[in-house]
Amino acid sequence: MKNVFEQYESNVRSYCRKWPTVFSKAKGSMIVDENGESYIDFFDGAGALNYGHNNDFIKERLIKYIESDGIVHSLDMYASAKKEFLSYFEKEFLIPRGYDYKVMFSGPTGTNAVEMALKLARKNKKRNNVFALMGAFHGMTLGTLALTTEKAAREGAGVTLENVTHIAPPYYMNHSFDTLGYLKEILEDDHSGIDKPAAIILETVQAEGGIYPFSVDFLKGLRNLCDQYDILMIVDDIQVGCGRTGHFFSFERAGIVPDMVVLSKSIGGYGLPLAMVLIKPELDIFHPGEHNGTFRGFQLSMVTAKAGLEFFQENKMDQEVKRKEKIIYNYLNKEIKPLLKKDMEIRGIGMIWGIDFKSGKLSRAVLDECFKNHLIIELAGRDDAVLKIMPALTIDDELLLKGLEIIKNQIKKVL
Ligand SMILES: Cc1ncc(COP(=O)(O)O)c(C=O)c1O
């Protein structure tokens, strides 16, 4: 007999097909199903749970706030929780880094925030076109889907996806493509046929695209190119921001300052929805209400977002990620690499890593075996051929190693 999900929920559901059980509880990096079976979580809510499931520090703040009848819904009215979040974010995260950004809240999902950034970029520069990189994922609504490159996702649009030019990233042509040289040439060439863009948007580590961290030289070069040609640089830090790479903002490692930064997922702290764009003050040209949304400024997310930031500071999460990066790097290179075929690759940074099997059949087989052995893990990239290792930043070392060992054993089995 079909379960209630198969019977009533749309065919569009996806993650549940990879892990076909009903989850009911979770704590830290463990997730438990209705049968009481526990699984190690290397999926991390697609990057929305950097501080783990039901983090006690954050939960306490949330419960206190709810019990005090703090305001929950307020659109963009002034509200205490938002005041506290903004003040803390400014004081502890923006000012110490020398960043002069204004904060613009969008509807509470990542794609909402990217849409808003695109609108603002086009309005500022009075140009339609935007450059995105091949392999990019920026969301599933029409404006962001035009940036997103996955064929199957784009086919769902039902209309022509326009006003975006996709550029090959440096990993094209077997990691030899000169993206910056190419960009320069098409921007200079009056016969390139490509309209100058308002902005270039990118993830500093392509996540859904298959875990491709871009080099510091590339990121710096792109920043210079944007300055040289009067193009806005938008960093989509929705998935790899909030500490994932070993810095709170993923672009810090390159010492660059984007014109806009898009944040969502783990900025909400607790898995509650929140999305925003950081913008340089001179770009702040929307009229009041020109971009709007009923669930901008969901105050419970402001409470958990601030608590998440405090947790980050108090626990020095950036250093913690750098420490755990070494554990993952060593394990992957010593224990797993020798099991792989020559053309397979291991890529990553901080606490986001991929094992590229160059075959969706193999990666899916490994994923299935991992699930049978109580590890929740996701795939990414072309043909879903990359096993994506993305645990919570708070995972303890023992559990991290246990999860990695499960992966190693399943690779042995499958290969
Ligand atoms: C880099 C990036 N941008 C945008 C999005 C879209 O966010 P949402 O699913 O909340 O719309 C995602 C989601 O995975 C993402 O990883």
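Domain bounds here come from an automatic or database domain assignment. On that basis the chain splits into domain 1 (59-314) and domain 2 (316-347), and the C-alpha centres of the two lie 27 Å apart. Where they meet, domain 1 puts in 14 residues and domain 2 puts in 7 residues, with contact taken as heavy atoms within 4.5 Å. The model is a predicted one, in which local features need pLDDT of at least 70 and side-chain atom pairs count only at pLDDT 80 or more, while totals for chains, interfaces and linings use all residues. Residues are numbered from 1 along each chain as its sequence is written, and side-chain values use heavy atoms, with hydrogens and water left out.

Between them, domain 1 and domain 2 bury about 850 Å², and 52% of that is on carbon and sulfur atoms. Buried area is the accessible area (1.4 Å probe) that two parts lose on being put together, summed over both. On the domain 1 side, Ile 211, Gly 246 and Phe 312 give up the most area to domain 2, together 43% of what that side buries.

As for polar links, 8 residue pairs are in polar contact across the interface (both at pLDDT 80 or more). Such a contact is a pair of N or O atoms within 3.5 Å; within protein, one must be able to donate a hydrogen and the other to accept it, and residues adjacent in sequence count only if both atoms are side-chain atoms. Salt bridges between domain 1 and domain 2 number 0, counting a side-chain nitrogen of Lys or Arg within 4 Å of a carboxyl oxygen of Asp or Glu.
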